[in-house]
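Thanks for coming. I will go through one model today, starting with the overall layout and ending with a few single residues.

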Amino acid sequence: MNLRMVNPQVYYAESGLGAADGRMVDFLVEQARANGSGRCRVCFHPGPESLLHGMLIAHLADVYVPPHFHVDKDESLQVVSGAASLVVFDGQGGVSDVLPLGEPGTGRAFSCRIPAGVCHSLIFESDVFVFQEAVTGPFRAGNMVVPAWAPGADDEAGAKAFVGQLITSIKERGAA
């Protein structure tokens, strides 16, 4: 495993093939636990200007992923390990759909595509959730939009309350 660290949450694979194995999953989980953020990713594309971004990502259970959408980029997600719910929101912040995600063989979806403009978030249901994400590049920070009704990533108290309400809503729907 030949990785270049950008910061404790982001690494780039130095191999052109972008192959992952169990050692890489273990590394991601270890880094997510050690870096204080509860998340870590390995990027398989050479850099932010690449036309296709492929990443292997680990999130711990208590990580908050703010509801967001990508202005003009579709993304796909494939589960490697763990369980989560992909929550889709309408324009006012109401839950419009919930897709239970899990490893193949669990009866949950293990792969999905999220079209551009669809507001979504992930609620983690296992101690660790590892997934592969692919999205078109190049990376532009302004392409990801967090709606005004959603707490931002830096609003810890707001995020905790929001996720608690979201989990209750999902349970009421019978989706989790």
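Before I go on, two remarks on the source. This is a predicted model, where local features need pLDDT of at least 70 and side-chain atom pairs count only at pLDDT 80 or more, while totals for chains, interfaces and linings use all residues. Residues are numbered from 1 along each chain as its sequence is written, and side-chain values use heavy atoms, with hydrogens and water left out.

Now the overall layout. The protein has 2 helices and 12 strands. Reading from the N terminus, the order is β-β-α-β-β-β-β-β-β-β-β-β-β-α. The radius of gyration, taken over C-alpha atoms, is 16 Å, close to the 16 Å from the globule rule (2.2 Å times the number of residues to the power 0.38) for 176 residues, so the protein is as compact as a globular protein of that length. Along the principal axes, the C-alpha atoms fill a box of roughly 45 × 30 × 30 Å.

Contact, for this talk, means heavy atoms within 4.5 Å. Of the contacts between residues at least 6 apart in sequence, 71% join residues at least 24 apart.

Next, burial. Buried means under 20% relative accessible area, exposed means over 50%, and partly exposed is in between, with a 1.4 Å probe and protein chains only. Buried residues account for 44% of the 176 residues.

How many residues does the largest nonpolar core have? A nonpolar core is a set of buried Ala, Val, Leu, Ile, Met, Phe, Trp, Tyr and Cys residues joined through side-chain atoms within 4.5 Å. The largest one has 35 residues, and Leu101 and Leu122 have the most contacts inside it. Helix α1, residues 22-34, gives this core its largest share, 6 residues. Apart from it lies another core of 12 residues, including Phe89, Val95, Cys119 and Ile170. As background, nonpolar side chains in soluble globular proteins tend to be buried together. Back to Leu122: if residues up to four places away in sequence are not counted, Leu122 touches Val65, Leu77, Ala84, Ser85, Leu86, Leu101 and Phe131.

Is Val145 buried or partly exposed? Val145 counts as partly exposed, because its relative accessibility is 26%. With neighbours within four places in sequence left aside, Val145 is in contact with Pro67, His68, Phe69 and Val71. Thr168 is 23 residues from Val145 along the chain, and their C-alpha atoms are separated by 25 Å.

Ala134 sits in strand β11, residues 128-136. Ala134 is also partly exposed, at 22% relative accessibility. Not counting residues up to four places away in sequence, Ala134 touches Leu52, His53, Asp74, Glu75 and Ser76.

Pro138 lies in the loop between β11 and β12. For reference, most peptide bonds are trans.

Two loop residues remain. Ala19 is in the loop between β2, residues 10-13, and α1. Ala19 counts as exposed, with 58% relative accessibility. Leaving aside neighbours within four places in sequence, Ala19 is in contact with Met24 and Phe44. The C-alpha atoms of Ala19 and Phe44 are separated by 7.9 Å, and the two residues are 25 apart along the chain.

Asp62 is in the loop between β4 (52-60) and β5 (69-70). Asp62 is exposed, with a relative accessible area of 68%. Asp62 and Val163 are 101 residues apart in sequence, and their C-alpha atoms are 9.8 Å apart in space.

That is the end of the tour.

Key. Helix = DSSP H or I, 4+ residues; strand = E, 2+ residues; numbered from the N terminus.
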